[in-house]
Structure formats: structure tokens, C-alpha cells
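Keep the view open while reading.

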Amino acid sequence: MTTTAEPASTTGPTRPDPLDEIKIGGMGASRRRVEDNRFIRGKGNYIDDIVLPGMLHMEILRSPVAHARIRSIDASKAWDIPGVRLVLTGEMMASRNLAWMPTLSYDTQAVLATDKVRFQGQEVAAVIADDPYIAKDACEAIVVDYEPLPVVVNPEQAMAPDAPIIRDDKLNQPDNTCFTWEVGDKAGTDRAFEQADLVSKISCHYPRTHPSPLECCGSIADFDRATQKLTVYMTTQAPHIVRAAVALIAELPEHMIRIVSPDLGGGFGNKVPVYPGYVISILASILTERPVKWIEDRTGNLISTGFGRDVYLDGEIALRKDGRILGVRMTTTSDHGAFFADAQPSKFKIGLMHSAFAAYDIPYAHLDAHGVYTNKAPGGVAYRCSFRVTEAMFFQERMIQAAADDLGMDQAEFRRINLVKDDDFPHRTPYGFLTDSGQYEKCLQVAMDAIGYDEFRREQAEARKRGRLLGLGISTMTEPLGAGNSREYDILGIKMFDSAELRVHLSGKAILRTGAKTQGQGHETTWAQIVTHELGLPADDVVVEEGDTDTAPFGMGTYASRSTPVAGAAVAMAARKVRAKARKIAAYLLEVSEEDIEWELGRFHVRSAPERGVTIQECAMAAYANMPDGLEPGLEATAYYDPPNLTWPFAAYICTVEVDPQTGVWDVLRFVAVDDCGVRINPMVVEGQIMGGLTEAYAMSSMQFITFDADGNCIGSNFMDFLLPTAWETPGYELHEVVTPCPHHPLGAKGIGECATVAGPAAFVNAVLDALKPFGVRNIDMPLLPDRVYEAITQRHDVSGHPPIRTDN
Ligand code: CDP
């Protein structure tokens, strides 16, 4: 190793063979996931693996009822249990101004209930003890006197004139409206409907569902009185946002707060909000001056944190006889539960619901969105979704299928007529987004060829004659991934951009840190591949670290498939800054001017003499050991990336099914998925993302059923009731790709993580409803459980999944 100030040796008189990017793990390599080395050995470092000296354990007492006034809380018996160190109630939180906290959607949420409980499972008290079992026993010793109140479990009840007001803690809250919001051209849309030959209508419900990461939420708060520093290890997808929130809620100085998000056992949006458990553990650590660990149990996770969806749609499409869509009207009502607690870009109350129909060339659209409070846990988190995009695309594709049926037009042909054409980009969507690239018809064609579209339609017609019910469902969509840009997107006023910091050590090895946070998506593998692509350092020479606010540059975290579009772009930009500096060093080492230097992967050479060159590793060594006079030593760079636009990947999915008319059971025959996520960094990781997303889509369409009875009891509080598909149920998927590079992303990449969860459900549901067309059935709400399908077949009517309204009082 040369560490003297000698000029670095050149790479010899002959020009070396160019590096093979795939071999060294660069872009396009299906590099094995490096993080799996520790995961498959059981060496992951999850929150529950962390043990700090003197650590105490916290348990939360949750409300058994959905709506009740709290008359009193008697915790005296809990205090008496040996090993109990602290019992916290809402009253004690209130005395420190911590009984309520702001949410990421400009609402407030109870940390521990003071006045009343507003959903079953709400946090009422917390016990901190020497071990978790003592804490749990002590929770059971707390006596709470509840005065029951009428319970509201759906929007219809919530908006009834005599409905109890759930958020009576808020000033100026005359009813259960959480928000109203509209977007689009109402007058233009009205005109389009006046000119329509036909109006197609459909109503459907996207039911409440749950991201169900295998690891539940948890935190370890560790307040050090001597240094005044608060360290919180926690399950969060967005550590920097949490640091900002803790600084605001607990009024602690930001530089004295360190949030560490260790390995996460899945997130899927469940680990974006700030939950009461985190906040209580922080106060508990401040009061006890000991580290306090809170680990949520499965039921706690399923009944109280991070529900997704729960949106009702009334949709209308104005159609011309020739199949052109003239306009779209959407009226949505979303059930947010008791607190509006999910993260939203602050301008958009119903997330990006208005990204619906972005793939179709439609002149006018209008969306009227209503959010309501009910006696359920806070809902609406973006479960593998860009802020309500999943609902948007599901409703869109259900409306498209119904419209094609109403016109008597072939499903694929109807889509083809209305999809945005390749040379129509940039394209302004009916709700005002700008899409910039895509080959939509090509993707649809690849899917149709793969499934054998015409052949299946013939087979289906034949089968129908013999009483067999075959169906084919299509889902085509483009979705917005990668918020910002910062002009339009912020959370709590913090602009949505992201960051990367790359340090190349003197030996040419490197450490990369980003403001994103992987939860299983493989950032440790794929970010290194971007560095390899930009610098020619072998991917194995780049270690990736995320999730520690003391070391990572500020970023908005990982959700909404924003990592590749934003943090991934920042990685490329940081690497390019490093390369720009290395070029100066190369010019010095090669004794030519910078203009005379050319870059090839991993090496600079003299333009007129390609055999005279220096490798990036030699430049790294020189940056510390032989730098030119006047050049700042070291080889590192930080980049903050504010994307000019969202990225718009496209998906064309076709599913075929057979429905058993005797039982309502349906089986997937084939599922073809064509995804265009632009340039793929790691094709194997991308395919894994698609397969995982499709499996979640299958689960939501076929089996996941989490609802509430008329008393607000959550049905689905464990994995016996709320089903996760196993390998046994999961269908096989046939994956294909089309590549349309993103014109503004430095690597041409678009996001992919959630595409399959977003586009998948409509393909499954459309397929079953296509099979049921002879019965005049237009809609069955998800999940398409056999009893619902059977009812539709035998009763020849639609089947609604609306939760119950109480009829016995
Ligand atoms: O934000 P999140 O990581 O959930 O989603 P993403 O940005 O879509 O990326 C998911 C995974 O797929 C990451 O490991 C990406 O690096 C990888 N990916 C890729 O290899 N090529 C793409 N064009 C998009 C994502």
C-alpha cells in the first residue's frame, strides 16, 4: 500500500480490459442480497434483540371498549406489585402536557386517554416494570371505570344527524367530519357528462386491511440524565421525521435526540406513524432514568396500529359510444377511525387518490373526498402504497371494467382506446399531474400475448356453455412514486427530498449512508450497485448504513416506494460528486489538465493515450496520501436530491381464474405481470418486490378480513382471523418486463416496491367478476370470500362488504 507522497503509479503501458459492470455487482446485476447473510443466520439486530444495561419493560393497558367516558382509573393495585417501577395514566401525561400529541396529518391523537376512549385497543395506561410479565400482570390489576357511549363503526353512522360526536375534545367540531377536499375540473366534468352517450356507475368499498409486518412495533428509550441525551431505538421507517416529531412533542433539543432504526422485520407503512407507545416509553425513561423497552404484541399491532384503506367509492364514467372516456366523477368517503394519524403530504387530504386515471387520456375528472371519524383505530396508513394510490388504482380499474361491460366492449380493447399513447408524453392527467414516459399499449400487449388472450376468451366461451365459470381480469395503471418534489410535497411542513453521503476510504473501500431506511427491500445490496455503476468500485467494497439520525444525512425515510426515485438518485449524485473530485486528482497524478481526462468505469485515462490511466482506487489513495496542492483532502460527498417530478412506473396485469359455482371458491389459473419500472438496478430484487406485492394483493382480494362488529369490537385481532397467505395458497406468477427509462431520474429508474400491491387487487377481483358476468353480478366487495361469491352466484346480486349497522337498539 502506497502511503507516501510519491506520485501514484499509472496502470502500465497497455490499456487494461474494461471492467465488466455485471461481474463487479453494478447496475443490472442480480446481485445476491448482502443483508440476507445475517438474516438467514439469525443474526439480524431487531428491536427486541437489543438489551441495554438496567433496562425496564413497558406494557400498555388498552381499552376493551370502543367508545366510553372514563369515570376513573385506579392503579393502586398495580403499584403494589413487586417489580413495578412506574404506572403512567393520561392524567400523569397531561400534567406534563403529553396526554395528546400532534399527528403527521395536522390532527391530534391521545397518547394515553384522559377524557374518554374512542376505539377498542386505545392506550389507557402503561406499566413499567423489571420484566415484561410483571408489567403485563400489573396492567391487569388496573381498574378502569368506563361509562359506555354509543359506538360508530362506519361513515354512514358517523354522518347521521344524531351521531355522537367522537372528537368532542376538538374545538369547532360540530360533527364527525374529519375533512372534505375536492380536486379536478367540476364544470368541465359536468359538461362531459352532459355530452355522454352512456354513463357507467359503480359503488365499491376497499376494506380496512393491515400491513402486518412480521415484527410488530417497539421502542427502547434511553435518556441519559448526565449528558441530557435521549437515544431511542425504534421500529420506524422514517427516523428523521420521528426525531423532528419528538423534538416538537417532548420539547427536547433536536441535537440531543438520536433515533436509531435497527433491522426492521417489515414495515409496509405500518412503521411510519408515531405511535403512543413510542412517546410513553420516552417519558418513562426520562422519569425512571433507565432504558425502557416497549414491544407491541400481535394483537396490539393488529387492533391499534397502522390500518390501511377503508374507503367507499361512488364512481361514474361518461362514455362515448365508440369507447372514448369523456369524463370521470369520483366521490370517496374514507373512514379514518378516531384520529387522523396517517402521514399525508399536507396539501392532499386524501393522499394521492387523484392520481387515478393517470394512465388514461381523459379530458375531465372531478374528485369529491370526505373523511370521517369513527370509533376505530386510526386508519389510512399507506400500506405499501403512495398515500391512497392503492385505493385510487383499484377504484379506477373496477370502474374501467364496469364501463367496458356497459359498453359491451372487450376489456383490453376499451383500455387500448383510452390509454395514453407513447408519443403523447409529457401528458397532463385529468387531475393535473404530469406523467413523462411509458409504453402502455406495449405492456398490455406483452401481457395479452403471454396469457394467450384470444385463446383464453375462446376457451372461456366454450367453458360457459358447459357451466364452467372461467374469468379474466385486467389491471393497467401508472402510479406516482417518489415524493417530492419539494415544491408540492411536504409532511408537517418538512419538504420531501432525500439524501446520501458517500465516503471513500483511502484503500478504495467505501461507506454509504442515506436518509432512507430499508425494511426488507434490500437497500444494502442495491445502493452499493449504484455506487459501482458510477465509480466502478466493486459492490462488495461498499457498505451501506441507514437508520441512525446521528450518522445518516437528513432524509424523509422509506415509504411510498420513494427510495429509488429519491434516495437512490441522491446516491448517484453523491457518487458523481466523488467522481468529479477524483477527476481532479487523476489529472494531477497523470500530469495533464482535467479537460484531457476521460472516464471509463473505474478508471480515468488520458484522452490521447488511453493506456495512461489511474484507477478510482488509486485516486482514493492519493486523496489522503498524495493530493495536489490546494485541493481539500479526502474523498467524500453528500448529495440532497429534490426530484423534479414523481416517477411513473406502469403495470399491466392479467389474471385468469376458475370459480366453482357449487361453493364460490375461486382458483387462480395464471397470473401474468408486466412491469415497467424504468431501468432496473437489481432485476432479482425487483422480481422479489413484485412477487411479494402480488401476494399481498392476492391476500387482500381473497382472504384478509378485518372488520368491526356493531359494538366496535375488532374482528381480526390475530392471525387465526386475519389471514396471511402461506406458500400453500399463493399462486404462481409469470413476470415480464418493459423498460422505459425515467427521463429525469439520474439512472432512468422508477420505483417498484408497491406497484404489485397497487395494481394487483383489481386484476384478481376483475377476473372473478368476469367469470360471474352471466349472473348479472357487477360488484363483490373485497375480500372475495367463497360465501360472498356463492351468494352472488345463487342470488344473482352484488355483495357489499359494508360493516354492520346496529339494528338491536
Ligand atoms: O422505497 P422502497 O425501497 O420501498 O421501494 P423502491 O424504491 O421501489 O425499491 C425497492 C427495491 O427495489 C430497492 O432495493 C431498489 O433498489 C430496487 N429497485 C431496483 O432494483 N430497480 C428499480 N428500478 C426500482 C427499485
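The report below goes from the domains to the sheets and helices.

## The model and its domains

This is a predicted model. The protein chain is divided into three parts by the domain assignment: domain 1 covers 48-149 + 217-295, domain 2 covers 308-483 + 645-795, and domain 3 covers 498-641. Domain 1 and domain 2 are each written as two stretches of the chain.

## Where domain 2 meets domain 3

The centres of domain 2 and domain 3, taken over C-alpha atoms, are 39 Å apart. Each side brings 21 residues to the contact: 21 residues from domain 2 and 21 residues from domain 3. Together the two domains bury about 1,400 Å². Of this area, 63% is on carbon and sulfur atoms. On the domain 2 side, Ile681, Pro746 and Leu747 lose the most area to domain 3. Together they account for 37% of what that side buries.

What about polar links? Between domain 2 and domain 3 there are zero salt bridges. Polar contacts are present, however: nine residue pairs make them across this interface, both residues at pLDDT 80 or more.

Strands of a sheet pair through backbone hydrogen bonds, either parallel or antiparallel. Here four strands form an open sheet in the order 25-24-23-29, with mixed pairing. Strand 25 (542-546) and strand 29 (636-641) are the edge strands, and each pairs on one side only. From one strand to the next, the twist averages 15 degrees.

Strand 23 (residues 498-504) and strand 24 (residues 510-514) run antiparallel, and five bridges join them. Within this pair, Glu501 stands opposite Arg513 of strand 24. Helix 14 (residues 523-535) packs on the sheet and touches strand 23, strand 24 and strand 25. The direction of helix 14 makes about 130 degrees with that of strand 25. Helix 15 (residues 563-590) lies across strand 23, strand 24 and strand 29. Helix 15 runs at about 145 degrees to strand 29.

Another open sheet has four strands in the order 20-30-31-34. Its pairing is mixed. Strand 20 (469-478) and strand 34 (734-737) stand at the edges. Each has a single partner strand, so one side of each is left without a neighbour in the sheet. Neighbouring strands are turned by 15 degrees against each other on average, direction ignored.

Strand 30 (residues 650-659) and strand 31 (residues 666-676) run antiparallel, joined by 10 bridges. One of the facing pairs is Tyr653 with Ala673, its bridge partner in strand 31. Helix 13 (residues 453-465) lies across strand 20, strand 30 and strand 31. Helix 13 runs at about 145 degrees to strand 20.

## The partners of strand 2

Which way do strand 2 and strand 8 run relative to each other, parallel or antiparallel? They run antiparallel, and six bridges join strand 2 to strand 8 (residues 143-148). In strand 8, Val143 is the bridge partner of Asp74.

Strand 2 (residues 68-74) is also joined to strand 6 (residues 116-117), by two bridges. These strands run antiparallel too. Arg69 stands opposite Lys116 in strand 6.

Definitions and conventions. Residues are numbered from 1 along each chain as its sequence is written. This is a predicted model: local features need pLDDT of at least 70, side-chain atom pairs count only at pLDDT 80 or more; totals for chains, interfaces and linings use all residues. Side-chain values use heavy atoms; hydrogens and water are left out. Two strands pair if DSSP finds at least two bridges between them. Axes are lines fitted to C-alpha atoms, for helices over the stretch in contact, and angles run from 0 to 180 degrees between N-to-C directions. Contact means heavy atoms within 4.5 Å. Domain bounds come from an automatic or database domain assignment. Buried area is the accessible area (1.4 Å probe) that two parts lose on being put together, summed over both. A salt bridge is a side-chain nitrogen of Lys or Arg within 4 Å of a carboxyl oxygen of Asp or Glu. A polar contact is a pair of N or O atoms within 3.5 Å; within protein, one must be able to donate a hydrogen and the other to accept it, and residues adjacent in sequence count only if both atoms are side-chain atoms.
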